[in-house]
Amino acid sequence: MAKNKESEKKDISTEEKIKEAARKVFYKKGFAATRTRDIAEEAEINLALLNYYFRSKQKLFEIIMIETLSGFVKNMVVVLNDKKTDLEDKISEIVSRYIDLIIIEPEIPTFIVTEIRSNPNALLNKLPIREIMMNSVFFKQHQKAVKEGKIKEPNPLHFLMNLMGMIIFPFIAKPLLMGGSDINLAAFNQLMQERKKLIPVWIKAMMQAE
């Protein structure tokens, strides 16, 4: 019995090790440019063992992609459904959470955008983003603010597109921005920290614009 438990722990450990290696390689190279051999080398295992656990690059990629998207969306869901915060608080919290997340995992935005463009239906159908949005506390608060005349733009998708664009685009364009401005990574990250205060101000102004 003890041996079985030890074997299960070893299997879980090996599986997680492979997934972590795959995550690093997929984030860096994308699906098309990644070979299963690249993942095996990153995980420091042989190719046969990788194939034993995951059978194919496609299957492993789907797992990593769904986990990445789920984690990305989950951060927003928690904030959107917080009944204790108003719209302004939600904006600030989303900005802060995502900037901190992407500073730690800077490859995530480019990875998600690239792979969604390659196969949007296969990936987005597995995440009920529309339902999450329309059933959220945020949506109800937004609609109420529109009815009360506090927000001029009635479509909440404009809010989310502007918000996520302001957060994510600088990270996607980081090489261009750093090269064109002659700043290092520390200076770029400092700019992103400053945007935690600036983005909510800009979003609020846009939501109230005539």
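This is a predicted model: local features need pLDDT of at least 70, side-chain atom pairs count only at pLDDT 80 or more; totals for chains, interfaces and linings use all residues.
**Overall fold**

I started with the secondary structure. I counted 12 helices and 0 strands in the protein. Reading along the sequence, I got α-α-α-α-α-α-α-α-α-α-α-α as the pattern. For the extent, I took the principal axes and found that the C-alpha atoms fill a box of roughly 65 × 45 × 35 Å.

**Domains**

Next I looked up the division into domains. Domain 1 covers 12-55 and domain 2 covers 64-208. I checked the distance between their C-alpha centres and got 29 Å.

Then I went to where the two parts touch. On the domain 1 side I have 7 residues in contact, and they meet 8 residues of domain 2. How much area is buried between domain 1 and domain 2? I get about 700 Å², with 62% of that from carbon and sulfur atoms. I quote an area here because the size of an interface is often given as the accessible area lost when the parts come together.

Between domain 1 and domain 2 I count 2 salt bridges. Which side chain does Lys 19 meet in a salt bridge? The partner is Glu 67, at 2.7 Å from N to O. That passes as a salt bridge because the cut-off is 4 Å between the side-chain nitrogen and the carboxyl oxygen. I also searched for polar contacts across the interface of domain 1 and domain 2, and the rule gave me 3 residue pairs, both residues at pLDDT 80 or more. Sorting by class, I find 4 nonpolar, 1 polar and 2 charged residues on the side of domain 1 that touches domain 2.

**Salt bridges overall**

I picked out Arg 23, which pairs with Glu 20, their closest N and O atoms being 3.0 Å apart. I placed both residues in helix α1 (residues 2-33), 3 residues apart, or about one turn of the helix.

**Annotated stretches**

In the model I find residues 35-54 to be 80% helix and 0% strand, with 14 Å between the end C-alpha atoms.

The UniProt record, again unreviewed, also puts a "transmembrane region" at residues 157-177. I looked at residues 157-177 in the model: 95% helix, 0% strand, and end C-alpha atoms 27 Å apart.

Notes: Residues are numbered from 1 along each chain as its sequence is written. Side-chain values use heavy atoms; hydrogens and water are left out. Domain bounds come from an automatic or database domain assignment. Contact means heavy atoms within 4.5 Å. Buried area is the accessible area (1.4 Å probe) that two parts lose on being put together, summed over both. A polar contact is a pair of N or O atoms within 3.5 Å; within protein, one must be able to donate a hydrogen and the other to accept it, and residues adjacent in sequence count only if both atoms are side-chain atoms. Ala, Val, Leu, Ile, Met, Phe, Trp, Tyr, Cys and Pro count as nonpolar, Asp, Glu, Lys and Arg as charged, and the others, Gly among them, as polar. UniProt positions are given in the numbering used here, feature names are shortened, and annotations may be inferred rather than shown by experiment. Helices (H or I, at least four residues) and strands (E, at least two) are DSSP runs, numbered from the N terminus.
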